[in-house]
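Q: I'm new to reading protein models. Could you walk me through a few features, one at a time?

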Amino acid sequence: MSTGSTFDRYQHGDSAIHRLDPRVKVVITLLFIVSNVILPDGAWPAFAAAWGVLILASALARLAPAFLLRRSFLALPFALAAVTVLFTQPGQPLWSLRLPGSTLAISDAGLVRFASILARSWLSVQMAILLTATTQFPDLMHALRHLRVPGVIVAIIGFMYRYLFVLADEAGRLLRARAARSAGTARGSGGGRLVWRARVAGAMVGQLFVRSFERSERVYNAMVARGYRGHLLTMSPHVITQRDRLALALALIVLAFIQVAGHSL
Amino acid sequence: MPIQHAETIIDNLNGSRPATVHVANLHFRYPDGTLALNGVSLQVAHGEKVALVGPNGAGKSTLMLHLNGLLQGEGNVEVGGLSLTKEHLPLIRGKVGMVFQNPDDQLFSPTVFDDVAFGPLHMGLPEEEVRKRVQNALAHVGMSDAASRLSHHLSIGQKKRVAIATVLSMDAEILALDEPSAGLDPRARRSLIGLLRELPLTMLVSTHDMMMVRELFARTIVMDGGRVVADGDTATILADQALLEAHGLELMV
């Protein structure tokens with residue numbers, strides 16, 4: 001019944017990475033992403049070094065070697081949005097396609113830029129995956145809250161996370177109810193025509209919306225009943241230790257090295 | 001200091017004890033025009049455990065929502081000697097622990113700890129006190145080792161227990177439970193009944209579970225059509241076949 005594991009990205013473990021304070025992990029992840037973004041195009045040794053850091057961290061977290069790689073492919077299609085730079089960067093044409101009225105040419109500079117964008121997004125996504133794989137979602141939210149992310153945004157993320165599971169269960173029940181009544185006859189196949197299916201799916205989305213809307217009212221009642229007056233309060237169950245400070249310092253040094261390497265080559 | 005009003009001193013079956021819940025001539029109409037409460041009057045004495053039964057749409061849940069001011073109809077509602085007014089609302093919400101029917105509505109935080117801490121935190125208690133209360137509340141419902149678990153990983157029976165803990169941590173004096181045994185398997189239901197029996201709190205429990213009523217509550221209030229149609233000793237009410245049939249209730253023996 002429960003769809004728990006469908007959305008949970010957390011990989012249970014008790015490694016050095018798992019035990020780091022979530023705030024430190026969030027900050028390091030953000031710094032890592034920023035560092036990737038400001039590396040110049042074609043700084044391959046620096047990108048390779050960043051990848052090395054990732055591999056090391058994922059090994060420290062005792063994740064399976066291919067874990068990050070496998071999950072990261074999910075986000076790769078988004079990098080395809082950058083495919084236009086292949087054709088728009090001025091430079092030596094490597095390959096061209098003649099179209100009626102114009103020519104599409106891939107330049108060497110365009111290729112380097114495209115590959116760099118791909119590398120940046122791919123590394124950043126892997127780091128984010130590492131963060132969510134080693135940090136429980138509630139800890140992540142506490143971290144955001146205590147890093148001064150506006151409370152409303154954190155609360156929305158929190159409710160989304162909590163009720164995603166409830167909604168998914170509800171959607172599952174609706175789907176099952178549809179399947180149970182999508183009987184076939186001896187003459188025709190079961191399941192109905194495409195238009196009919198589409199109409200049922202549309203109605204189900206509407207149903208889900210109405211149910212969620214009604215639920216939101218009940219949840220709000222439950223909050224008010226326990227003293228909610230417009231400000232969400234949470235407690236931080238975490239304390240920054242010496243180890244956390246060390247990890248943060250180490251990360252800063254490594255990222256600084258990567259930057260120096262990237263910009264001097 | 002609670003103010004003692006002369007009229008809140010009532011005589012009931014158990015002798016003379018001050019009423020902690022006092023509802024007089026309460027009317028409520030939903031915005032869509034449905035008259036949900038049509039002159040409800042009842043009193044619950046301190047420490048009393050009362051069952052509230054009646055068909056769907058009788059007004060049970062609507063009445064419960066009035067006890068801590070989530071709905072405000074016409075009439076008089078007093079809790080622990082405080083009349084239900086805007087100034088008293090925060091105090092009254094601390095006194096009345098509402099446990100809603102669906103635990104997924106009650107447990108809105110990601111972890112069990114966060115949910116049980118929600119009430120005390122929003123009462124403005126210091127963090128140390130909050131932690132202590134969360135521990136105590138979870139221990140009371142037998143869920144001590146679940147503090148760091150995620151609410152959606154719990155079974156329905158566990159969710160119900162945690163839902164009760166979320167109001168125990170507020171140090172509620174009165175528990176208002178809406179259909180606590182609905183949807184539970186026999187074992188979870190049995191353990192919930194045990195829990196309710198042991199909690200030394202005033203309780204108003206809306207339910208269709210007549211077997212639980214007979215087992216747990218000395219007093220029963222029957223509602224139908226927005227009114228209290230019977231109020232008294234559970235054994236007497238459950239023996240009144242005509243009354244039960246007239247209000248769509250049945251007790252299988």
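Q: In which hand does helix 4 of chain B pass helix 5 of chain B?

A: Keep in mind that this is a predicted model. Here the crossing of helix 4 of chain B with helix 5 of chain B is right-handed.

Q: At what angle do the axes of helix 4 and helix 5 of chain B cross?

A: The angle is roughly 125°, and the two axes come within 9 Å. Angles over 145 degrees would count as roughly antiparallel and 65 to 115 as roughly perpendicular, so helix 4 of chain B and helix 5 of chain B are oblique to each other.

Q: Which residues make that contact?

A: Helix 4 of chain B brings residues including Phe113(B), Val116(B) and Leu121(B), while helix 5 of chain B brings, among them, Val130(B), Arg133(B) and Leu138(B). Sorted by class, this contact has nine nonpolar, no polar and two charged residues.

Q: What should I look for in a nonpolar core?

A: In soluble globular proteins, nonpolar side chains tend to be buried together. In this model the largest nonpolar core has 69 residues, and Val116(B), Leu138(B) and Leu204(B) are among those with the most contacts inside it. Leu204(B), for instance, touches residues including Val21(B), Leu52(B) and Ile174(B).

Q: How many residues does each chain give to the contact between chain A and chain B?

A: Chain A gives 25 residues and chain B gives 28. On the chain A side, helix 11 gives the most, with eight residues. By class, that side of chain A has 15 nonpolar, six polar and four charged residues.

Note on methods. Residues numbered from 1 in each chain as written. Chains lettered and ligands numbered in written order. Predicted model: local features only at pLDDT ≥ 70, side-chain atom pairs only at ≥ 80, totals over all residues. Contact = placed C-beta atoms within 7 Å. Helix = DSSP H or I, 4+ residues; strand = E, 2+ residues; numbered from the N terminus. Nonpolar A, V, L, I, M, F, W, Y, C, P; charged D, E, K, R; others polar. Axes fitted to C-alpha atoms, helices over the stretch in contact; angles between N-to-C directions. Parallel < 35°, antiparallel > 145°, perpendicular 65-115°, else oblique. Left-handed = near helix turned anticlockwise from the far one by under 90°. Core = buried A, V, L, I, M, F, W, Y, C linked by C-beta atoms within 7 Å. Buried ≥ 20, exposed ≤ 12 C-beta atoms within 10 Å, placed from the backbone. Lists of a residue's contacts leave out its neighbours within four places in sequence.
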